[in-house]
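Work through the exercises below with the sequence and the structure at hand. Each task is followed by a solution in steps.

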Amino acid sequence: MNHKMIKVLQISSLAYIWIFVIAVDVWIFSLLFVAKKLDDAINASVAIGLIAIPLFIAIASILTYVFFGLQKYAKPEEKANVL
Amino acid sequence: MQESGNHRWGMVIDLNKCTGCGECVAACKVENNVAIVGAEESEMDRTMFWMDIITTHEGEYPDTEVTYFPRPCFHCDNPPCTKVCPVRATYRNDEGIVTQIFPQCIGCRYCMAACPYTVKSFNWFAPDWPEEMNSSLNPDVSVRPVGVVEKCTFCIHRLQKAKELARAEDRELREGDYLPACSESCPTDAISFGDLNDPHSEVNKLAKSLRAFRMLEELGTEPKVYYLSKVE
Amino acid sequence: MDKSTMENSNEDLDLFRSIEYTGNGFYWTVGFLIFVIAFGLYGYFHQVLYGLGVTGMAQPISWGFYIVNFVFFIGISHAGTLISAILRLSQAEWRRPITRMAEIITAIVLAIGGLHPILDLGQPGRMWNLVTNGRLQSPLLWDVTSITAYFAASTVYLYLPMIPDIAILRDRGVKPKWLYQFLSWNWQDTPEQKRVLERAINILMIMVIPIAVSVHTVISYIFAMTIQPGWHSTIFGPYFVAGAIFSGIAALMIAMIAFRKIFHLERYLKLIHFQYLSTLLLIMSIIWFYFTFSEYLTTFYGNEPDEMRVFNYKFIGDFAPYFWLMVFCNFAVPVIILSFKKTKTIPGILVVSFSVLIGMWLERLIIVVPSLANPRLEYPVGIYIPTITEWGLFAAGVAIFILGFLMFAKYFPLISIWEIREGRESSIKEVAHRLQSYMPDTYEEDELERALK
């Protein structure tokens, strides 16, 4: 498999992780509205959401940081090779 | 007709009058299409009762005192079961009835584990009736699928019917319009039912009686089923 | 590759053996495991078709093996990430050959454990209701959230420290080449890349500890949030976390002993590693006993009738054999065997580890079932006897764990190669420097400057 293909795969796998994380966050966020609509302990839901939502984003951010960090600091000749 | 939300349906069971005949249990089973399980399943403690009779024995033989407690769902005002449901398949409606939404239930049985009165049953297998009984199922109550939790609903379908009738006749809901099957069928009139919020209702008066107590009151679940203690 | 790394990679050839060499034993084992898994799945298929009636559960014992195993597996998953993060955080140098295996256990077992509540659902097809109508105030949703978070964090925490190793495999030309190329993220071992990676690992290891603690805490909350006798206890959160770490270490040591034996890794997984870990196990055993003691003494002294019925059920009733076996397995065996140098050997440690796993599984059983078996009102109650379906799915769960571990070992090194090399190359100097700095009258350079000013 060529380098370009690998690169596309890597970027898309990273994108999938973001999709997953955002989906989880959207889910938690939507549950806040469900709780509000049904008048069902909204404060508890908000408290959980406040912790959980940033957490998932943080996990994905770390992964993204490493990925781009590694690309940025790869040896120049290999970099040219890959891109 | 009173606005919905002004009612607080409750039940008072007079233990002096109860003979333990089991008519309420039978009436409930028929009314609510509660599944009948076979002998083998029954042996495994999988019988289903929305209304059950708990029998307690006090004292040594031959001076035993046997008491029968007809046990519906207690429809707590502060229900431990609804709190833990992950999908809102059980909730306390604004008239105080703790209802089950059968098509919503995922069957995790958390509510069963959380109920301090153990009133809930689970459909371990798909419900099944003897061939001849299929035509006698009550069309007002849904037949539950396999894998969901169920329990007494205070015959909430009867409330809907009573309300519709009252609306059709353009009047308010009167006392006695809405009675669950157990209360209606009791041969000794031990089970009274009505609106606890209505100051003139029978249940309101009985619930204030000195004999009135509620099951496991100390748990703070605020059940809406009162018992009138046995007196000689 | 320059000469020195070439030599080192030759030195660590043992670590590649599981990837580059596949014996017949591997295929036989995989075949057997797949058979066990297929049997379990058949049971599950049966259950979905006919309903949960095929299990031994009934009323009021409406939770059984599935929930017990859920708690048990999630407990084991604490081996990994938590231990690895704590060892990294405390800069314990002996962690190097251990952390990877610990992290794999976490990732695999967490996936297995996390799926267990689904086995327990009467209507698994309605899972989507959790998405559309979930109630965040239900402890079950807390579980869903925190297990998802822990799974995400621990897989990332497994993956990141593996990148340099994947690059080593890529450079060796191990097949499938594209896989290692894809996963190595263009790692070339440059100092800047190393800095980026290390920073990320440091952030993650701090993040992962509270997440791990929260996971088992909220699992205990499933029980503790109800008002049922035997469950409604404030100690449950820490009690479960301690138990989880306890069983986790045991599972980790079994995996380490097996792997060491099969691939002859005595050079890497030395007796000293096992001895350090088993000291940790001994401490956890004592902590476990302390928690158990406080939990039951408060119940006993308080003497509330409902609580006492559950208590008696465990201590002298139907569950007494299990209860006392649990105390024996979790406390007597570890303390006796691990307290003496003579018995603190690899076979001894293996016995203790199995004993702890059995004991901790029993503990989960003893927490779940007796409270359900003693309802407050007077109902007739039978005994819970699990059926073949439940045993089959339990076996399948264990088999999936072993299979996952084997498949992982087939493609990735189970011992972190780069961390071993790093340890060999620089950690002695680093540790010496660190020790120096603990001593009186020695100063770091900047401290010295400040002192002179």
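**Exercise 1. State what share of the 453 residues of chain C counts as buried.**

Step 1. Of the 453 residues of chain C, 50% are buried; a residue is buried if 20 or more other C-beta atoms, placed from the backbone, lie within 10 Å of its own, exposed if 12 or fewer, and partly exposed in between.

Step 2. Note the source: this is a predicted model, in which local features need pLDDT of at least 70 and side-chain atom pairs count only at pLDDT 80 or more, while totals for chains, interfaces and linings use all residues. Residues are numbered from 1 along each chain as its sequence is written, and chains are lettered from A and ligands numbered from 1 in the order in which they are written.

**Exercise 2. Describe the make-up of chain C and decide why it counts as compact.**

Step 1. Chain C contains 19 helices and zero strands; these are DSSP runs numbered from the N terminus, helices being H or I with at least four residues and strands E with at least two.

Step 2. The globule rule (2.2 Å times the number of residues to the power 0.38) is compared with the radius of gyration, taken over C-alpha atoms. For 453 residues the rule gives 22 Å and chain C has 24 Å, which is close, so chain C is as compact as a globular protein of that length.

Step 3. The C-alpha trace of chain C spans about 75 × 55 × 50 Å along its principal axes.

**Exercise 3. Find how helices α4 and α11 of chain C are arranged.**

Step 1. The axes of α4(C) (residues 65-76) and α11(C) (residues 191-224) come within 10 Å and cross at roughly 165°. Axes are lines fitted to C-alpha atoms, for helices over the stretch in contact, with angles from 0 to 180 degrees between N-to-C directions.

Step 2. The angle therefore makes α4(C) roughly antiparallel to α11(C); the cut-offs are under 35 degrees for roughly parallel, over 145 for roughly antiparallel, 65 to 115 for roughly perpendicular, and oblique for the rest.

Step 3. C:V71, C:I74 and C:G75 of α4(C) meet C:V215, C:H216 and C:I219 of α11(C). Contact requires C-beta atoms, placed from the backbone, within 7 Å.

**Exercise 4. State how many residues of chain B are in contact with chain C, and which element supplies the largest share.**

Step 1. On chain B 36 residues are in contact with 38 residues of chain C.

Step 2. α4(B) gives the largest share of the side of chain B that touches chain C, four residues.

Technical notes:
Two residues are in contact if their C-beta atoms, placed from the backbone, lie within 7 Å.
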